[in-house]
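Please look over the sequence and the model below before reading on. The paragraphs after it go from the whole chain to single residues.

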Amino acid sequence: MIEIMSTQNDYQRCLQKLATAPPKGKAALVRSLLPGIEAALTSRRTLKDIWQALETEGLQVSYHTFQMAVWRAKRKRTAPSGWKKEEKPSDDCGFGQARIKANEERDPLANLKRLEENRPGFQWRGTQKVQKVVNGKENSGGKNKR
């Protein structure tokens, strides 16, 4: 039991060391600087001014790479993750569970089915017999054919 605890402590220290170390890649470095970059942008600095200031401090990234890394980091931060819609937390406790249940039972083809039903023009489904479509009723067993 003592060995497990010491191993967990070692793992925790290792993860903390990794979290405090600077990122290796240029794009990851720009992503880590994003809060400061956004603060400078809100104080009416241009992206080029920010890049030049960082370049004088030793950042060796082309302006195009810097610009694309900032754009991607912003886009990734604002994009919703996952396939399902994110539910906003509500104050009503009972309705939250109903929404989650409705999300799980949701039909992924519901939009297609709705569009198919409301499509304008003539559609031949081909599943019904011609006599039923034309006359509104089917012949029973073909005895009365003349």
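The model is a predicted one. Its protein chain contains 8 helices and 0 strands, so read along the sequence the pattern is α-α-α-α-α-α-α-α. The chain has 146 residues, and 10% of them are buried. Its accessible surface is about 13,600 Å², with 54% of that belonging to carbon and sulfur atoms. Taking contacts between residues at least 6 apart in sequence, 32% join residues at least 24 apart.

In soluble globular proteins, nonpolar side chains tend to be buried together. In this model the largest nonpolar core has 13 residues. Those that touch the most other members are Val30, Ile37, Leu47, Ile50, Phe66 and Val70. Three helices each supply at least two residues of this core: H3 (34–42), H4 (47–56) and H5 (63–78). The largest share, 4 residues, comes from H5.

Val70 shows how separate stretches of sequence meet. Neighbours within four places in sequence aside, Val70 is in contact with Val30, Leu34, Ile37 and Leu47. Leu33 can be located relative to Val70 as well: the two are 37 residues apart along the chain, and their C-alpha atoms are separated by 9.2 Å. Leu33 lies in the loop between helix H2 (26–32) and H3. With a relative accessibility of 31%, Leu33 counts as partly exposed, because that value falls between the cut-offs of 20% for buried and 50% for exposed.

Helix H3 has three buried residues, Leu34, Ile37 and Ala40. They lie on the same side of H3, because the arc they cover around the axis is only 120 degrees. On the face turned away from that buried side, H3 carries the exposed residues Pro35 and Thr42.

How many aromatic pairs does a search of the whole structure find? The search finds 1. It is formed by Trp51 and Tyr63, whose ring centres are 5.4 Å apart and whose planes meet at 65 degrees; the pair is therefore edge-to-face, since planes over 60 degrees apart count as such. The pair links distant parts of the chain, with Trp51 in helix H4 and Tyr63 in helix H5, 12 residues apart. Trp51 is buried, because its relative accessible area is 12% and the cut-off for buried is under 20%. Tyr63, at 23% relative accessibility, counts as partly exposed.

Most residues other than glycine have a negative phi, and most peptide bonds are trans. Arg44 is not a glycine, yet it has a positive phi of about 65 degrees. Where does Arg44 lie? Its place is in the loop between H3 and H4. Is Arg44 buried or exposed? Arg44 counts as exposed, because its relative accessibility is 78% and the cut-off for exposed is over 50%. H4, in turn, is followed by Gly58, which has a positive phi near 115 degrees.

How values were computed:
Residues are numbered from 1 along each chain as its sequence is written. This is a predicted model: local features need pLDDT of at least 70, side-chain atom pairs count only at pLDDT 80 or more; totals for chains, interfaces and linings use all residues. Side-chain values use heavy atoms; hydrogens and water are left out. A nonpolar core is a set of buried Ala, Val, Leu, Ile, Met, Phe, Trp, Tyr and Cys residues joined through side-chain atoms within 4.5 Å. Buried means under 20% relative accessible area, exposed over 50%, partly exposed in between (1.4 Å probe, protein chains only). Contact means heavy atoms within 4.5 Å. Accessible areas come from the Shrake-Rupley method with a 1.4 Å probe; for residues, only the protein chains shown count as cover. The arc is that of the directions from the helix axis to the C-beta atoms. Rings of Phe, Tyr and Trp (its six-membered ring) pair if their centres lie within 6.5 Å; planes under 30 degrees apart count as stacked, over 60 as edge-to-face and the rest as tilted.
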